[in-house]
Amino acid sequence: MEIKRVVEAILFAANRPMTCKQLQQVFPEIEQPPLQEIQDACEAIKEDYRFRPVELKRVASGYRFQVKQELSRWVSRLFEEKPPRYSRALLETLAIIAYRQPATRGDIEDIRGVGVSSNIIHTLLEREWIRVVAHKEVPGRPALYGTTKQFLDYFNISSLNELPTLQEIQQLDLSLDNTQQPMQVKSEEQETTEQIAETIEQLSETAEQAAKADDSETGEQVS
């Protein structure tokens with residue numbers, strides 16, 4: 001039995017990302033290969049698909065096959081539904097949680113300068129992009145929110161370290177500032193949050209298209 005062929009078949013048929021441990025458990029107990037051999041098989045498969053239109057991508061929840069990003073716009077034409085469009089308020093809320101976590105609802109409101117709709121928090125929780133990681137030890141014990149593996153999977157990354165840094169986002173925005181006059185004075189935190197929100201929106205659009213061929217759940221509309 002060639003482990004690499006079996007692993008490739010399992011990953012190809014799976015409808016979700018799979019870790020090496022999950023792949024190992026698919027094998028009969030007496031035939032289970034060591035985790036290192038499965039890891040090596042996954043890396044070999046990644047190399048095999050290096051120049052193909054699909055790739056084996058490692059995200060937070062494990063390995064999955066998906067269409068390469070540069071071809072996603074063509075594949076997306078197979079599907080009638082369009083990638084969901086998220087409100088700026090939702091994106092800014094998600095951006096603050098992603099970059100400042102753990103964050104309370106009050107923290108988010110302080111940075112944005114406006115209240116946070118309960119519907120936004122509910123939507124992010126329902127999508128399983130955020131979760132309550134603890135409660136702040138202050139009167140009322142407000143929930144502290146952090147991002148999830150599902151958030152990383154959706155945005156096609158394996159860890160928060162792969163998100164653009166605040167410095168990279170700010171430098172990217174400088175070129176736009178040179179050609180545009182600001183309409184109003186904003187705090188540095190608000191400007192940075194808006195820049196992050198735009199970056200997350202771009203990641204969302206790209207990830208939504210790239211994942212079309214892998215997981216139908218990514219085509220769901222955000223309520």
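Start by selecting Arg 105. Is Arg 105 buried, exposed or partly exposed? This is a predicted model, and in it Arg 105 counts as partly exposed because its relative accessibility is 31%, between the 20% and 50% cut-offs.

Arg 105 and Glu 109 form a salt bridge, with their closest N and O atoms 3.8 Å apart. Both residues sit in helix 6, four residues apart, which is about one turn of the helix. Glu 109 also counts as partly exposed, because its relative accessibility is 27%.

Stay on helix 6 and pick Arg 112. Which residue does Arg 112 pair with in a salt bridge? Select Glu 92: the closest N and O atoms of the two are 2.8 Å apart. This pair ties together distant parts of the chain, since Arg 112 belongs to helix 6 and Glu 92 to helix 5, 20 residues away. Here both partners, Arg 112 and Glu 92, are buried.

For another bridge, jump to Glu 47 and Arg 50. Their side chains meet in a salt bridge at 3.4 Å, N to O. Glu 47 counts as partly exposed because its relative accessibility is 46%.

Time to go inside. Select Leu 94, Leu 124, Trp 129 and Phe 151: these have the most contacts within the largest nonpolar core, a group of 24 residues. Next, colour the elements that each supply at least two residues of this core: helix 5 (88-100), helix 6 (105-112), helix 7 (118-126), strand 4 (143-147) and helix 8 (149-154). Which of them gives the most? That's helix 5, with six residues.

There is also a second, separate core, made of 17 residues. To find it, select Ala 14, Cys 20, Leu 23 and Ala 41, which are among its members.

Last stop: colour the chain by pLDDT. The mean is 79, and 71% of the residues reach 70 or more. Now select residues 172-186, where pLDDT stays under 50 and the model has four contacts beyond four places in sequence. Then try residues 210-223: pLDDT stays under 50 there too, with 32 contacts beyond four places in sequence.

How values were computed: Residues are numbered from 1 along each chain as its sequence is written. This is a predicted model: local features need pLDDT of at least 70, side-chain atom pairs count only at pLDDT 80 or more; totals for chains, interfaces and linings use all residues. Side-chain values use heavy atoms; hydrogens and water are left out. A nonpolar core is a set of buried Ala, Val, Leu, Ile, Met, Phe, Trp, Tyr and Cys residues joined through side-chain atoms within 4.5 Å. Buried means under 20% relative accessible area, exposed over 50%, partly exposed in between (1.4 Å probe, protein chains only). pLDDT is the predictor's confidence in each residue, from 0 to 100. Contact means heavy atoms within 4.5 Å. A salt bridge is a side-chain nitrogen of Lys or Arg within 4 Å of a carboxyl oxygen of Asp or Glu.
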